[in-house]
Amino acid sequence: QAQLVESGGGLVQPGGSLRLSCAASGSFRNIYRMGWYRQAPGKQRELVAMITFTSGGRTNYADSVKGRFTISRDNAKSMLYLQMNSLKPEDTAVYYCNADFADGLVVWGQGTQVTVSS
């Protein structure tokens with residue numbers, strides 16, 4: 001059974017940086033893509049960035065984070081990362097790691113809080 005555990009959240013000042021990590025364990029045999037989502041208070045969960053495990057690792061980003069955030073993976077370490085630079089107060093949210101499998105299974109991590117405030 002696949003499991004995801006996020007880490008790396010915290011409090012950062014506007015303009016600062018954080019790197020989120022997602023440790024994957026269990027069976028990822030039919031993994032299709034992984035991504036980062038976020039949910040701010042009173043708002044719906046939204047896609048932040050995703051990376052596929054086919055097509056050469058294609059990435060996709062929300063318009064609001066393009067040029068500031070970078071998603072990457074380390075297959076050998078079973079890790080997914082989200083490097084976040086030039087953080088803004090509107091980036092404040094709980095960030096979730098996500099895995100989509102070819103058979104339709106979707107797995108979520110427990111989330112990690114990111115707060116951008118002076």
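Predicted model: local features only at pLDDT ≥ 70, side-chain atom pairs only at ≥ 80, totals over all residues.
User: Why are strand 2 and strand 11 called paired?

Analyst: Two strands pair if DSSP finds at least two bridges between them. Three bridges join strand 2 (residues 10-12) to strand 11, so the pair meets that cut-off. The two run parallel, and Val12 has Val116 as its bridge partner in strand 11.

User: What makes strand 9 and strand 11 a pair?

Analyst: Three bridges again, against a cut-off of at least two. Here the sense is antiparallel, and Tyr95 has Thr112 as its bridge partner in strand 11.

User: Which residues of strand 11 are on its covered face, and which on its uncovered one?

Analyst: Thr112, Val114 and Val116 are on the covered face, while Gln113 and Thr115 are on the uncovered one.

User: What makes the largest nonpolar core a core?

Analyst: Its members have to be buried nonpolar residues joined through side-chain atoms within 4.5 Å. This core has 32 residues, and Met34, Trp36 and Tyr95 are among those with the most contacts inside it. Strand 9 gives the largest share, five residues.

Technical notes: Residues numbered from 1 in each chain as written. Heavy atoms only, no water. Buried < 20%, exposed > 50% of the residue type's maximum accessible area, 1.4 Å probe, protein only. Helix = DSSP H or I, 4+ residues; strand = E, 2+ residues; numbered from the N terminus.
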